[in-house]
Amino acid sequence: MIAIDLGSNTLRVLEYDCKTSKQIVAYEKVVKTADGLAEFGTINDDAIGRVISAIKEAQEKIDFSSQPIKAVTTEAVRRASNSKYVLEQIERKTAVSFEIISGEEEARLTLSAVKNRLTKLHYASDTFVLVDIGGGSTELIFHYKNEMISRSFPIGIVTIAQTYTTLENIQKVLPREMLDMQMFCAEIFSIHGKPHSFVATAGTPTTVAAMKLGFNYETYDASKINGTSLEKNELDFYLQKLLDMPFEEREIAVGTGRSDLIAAGILIYKHLYTLLEFDSGIVIDDGLREGVILDMCKERAV
């Protein structure tokens, strides 16, 4: 089985064996799908070219021809006025057909993957809040025993970084930009109470966790990242550490062309700790891609 997640910043591909519940090949590439989206409302040809190139690179590592594939895409393509054209171009050049999924479906699949990983880690928490900080949106997913309450907000690391350009500007506007999130959290807390745990997934939390554990972009090990604890006050330290690095060292640490986005993401991430009233949280690498695979395996078993 192959799952493909085309996000607003990254293309993630996973080949998986449902019988053994084992990952065979994992591939990901920063493609900046949402590059220019905040300004022009469209996905530009350069971004389409990067996506196509990344899919072709994945096809060199994974045999796409002999097994079922499910390819999904999220906020950047949901928002783009030229989404039909974008997906037609990708399919014409790669033979991969993408489905645009809703924020609700994205939340359901991501939660499924994270719950599965937490179970494997023997992490006991019947209520938690999961944040998925993407390139074009952030999902807040509240899990109360058997109930999921989620909402997608159009605030992501690519769109925020490109709209406000400097960290000083981003810092100033985040309370206003994230006011809807704050109101949503307050409403959920008033009805259901504060969750017991705070869990984060996607590139920003996993990159900060990798820095904490001494990994760089090339040596990144998802199995070590899963379950890493991060304190709110550690985020300032790792942001400053990133900013203090020479440019070349920064590129090695967090990946080519990612440092400005990760810096913006850390500011968003820290503000989420504040909104959700947590000082500590854990990081999970699994996300939408893994949720898609789990769904495919369940369908196959029926």
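**View A. Surroundings of Thr-73 in the predicted model.** In this predicted model, Thr-73 belongs to strand 4, which comprises residues 69-73. Beyond its neighbours within four places in sequence, Thr-73 is in contact with Leu-6, Leu-87, Phe-98, Glu-99, Ile-100 and Ile-101. With a relative accessible area of 1%, Thr-73 is buried. A polar atom of the Thr-73 side chain lies 2.9 Å from the backbone oxygen of Leu-6, and Leu-6 is also one of the residues listed as contacts of Thr-73.

**View B. Packing of helix 7 against helix 13.** Two packed helices are described by the angle between their axes and the distance between the axes. For helix 7 (residues 167-177) and helix 13 (residues 259-276), the angle is about 25° and the axes are 10 Å apart. Angles under 35 degrees count as roughly parallel, and helix 7 and helix 13 are therefore roughly parallel to each other. Their crossing is right-handed. Helix 7 contributes Leu-167, Ile-170, Gln-171, Leu-174 and Pro-175 to the contact, and these meet Ala-263, Ala-264, Leu-267, Ile-268 and His-271 of helix 13. By class, this contact of helix 7 with helix 13 has 8 nonpolar and 2 polar residues, with no charged residues.

**View C. Packing of helix 8 against helix 13.** Helix 8 (residues 179-192) packs with helix 13 at an angle of about 35°, and the two axes are 10 Å apart. The crossing of helix 8 with helix 13 is right-handed. On the side of helix 8, the residues in contact are Met-181, Gln-182, Cys-185 and Phe-189; on the side of helix 13, they are Leu-272, Leu-275 and Leu-276. By class, the contact of helix 8 with helix 13 has 6 nonpolar residues and 1 polar residue, and no charged residues.

View D. The buried residues are Ile-157, Val-158, Thr-159, Ile-160, Ala-161 and Tyr-164. The elements that cover them include helix 1 (37-40), helix 3 (75-79), strand 6 (127-133), helix 7, helix 9 (203-213) and helix 13. Helix 7 and helix 13, which are among these covering elements, also pack with each other at an angle of about 25°.

**View E. Thr-165 in the loop after helix 6.** Thr-165 follows helix 6 and is found in the loop between helix 6 and helix 7. Most residues other than glycine have a negative phi. The phi of Thr-165, however, is positive, near 60°. Thr-165 is exposed, with a relative accessible area of 61%, whereas Tyr-164 is one of the buried residues of helix 6. Thr-165 and Thr-138 are 27 residues apart along the chain, and their C-alpha atoms are separated by 19 Å.

**View F. Ala-95 in the loop between helix 4 and strand 5.** Ala-95 is placed in the loop that links helix 4 (83-94) and strand 5 (98-100). Although Ala-95 is not a glycine, its phi is positive, at about 70°. With a relative accessible area of 66%, Ala-95 is exposed.

How values were computed. Residues are numbered from 1 along each chain as its sequence is written. This is a predicted model: local features need pLDDT of at least 70, side-chain atom pairs count only at pLDDT 80 or more; totals for chains, interfaces and linings use all residues. Side-chain values use heavy atoms; hydrogens and water are left out. Helices (H or I, at least four residues) and strands (E, at least two) are DSSP runs, numbered from the N terminus. Buried means under 20% relative accessible area, exposed over 50%, partly exposed in between (1.4 Å probe, protein chains only). A polar contact is a pair of N or O atoms within 3.5 Å; within protein, one must be able to donate a hydrogen and the other to accept it, and residues adjacent in sequence count only if both atoms are side-chain atoms. Contact means heavy atoms within 4.5 Å. Axes are lines fitted to C-alpha atoms, for helices over the stretch in contact, and angles run from 0 to 180 degrees between N-to-C directions. Angles under 35 degrees count as roughly parallel, over 145 as roughly antiparallel, 65 to 115 as roughly perpendicular and the rest as oblique. A crossing is left-handed if the near helix is turned anticlockwise from the far one by less than a right angle, and right-handed if clockwise. Ala, Val, Leu, Ile, Met, Phe, Trp, Tyr, Cys and Pro count as nonpolar, Asp, Glu, Lys and Arg as charged, and the others, Gly among them, as polar.
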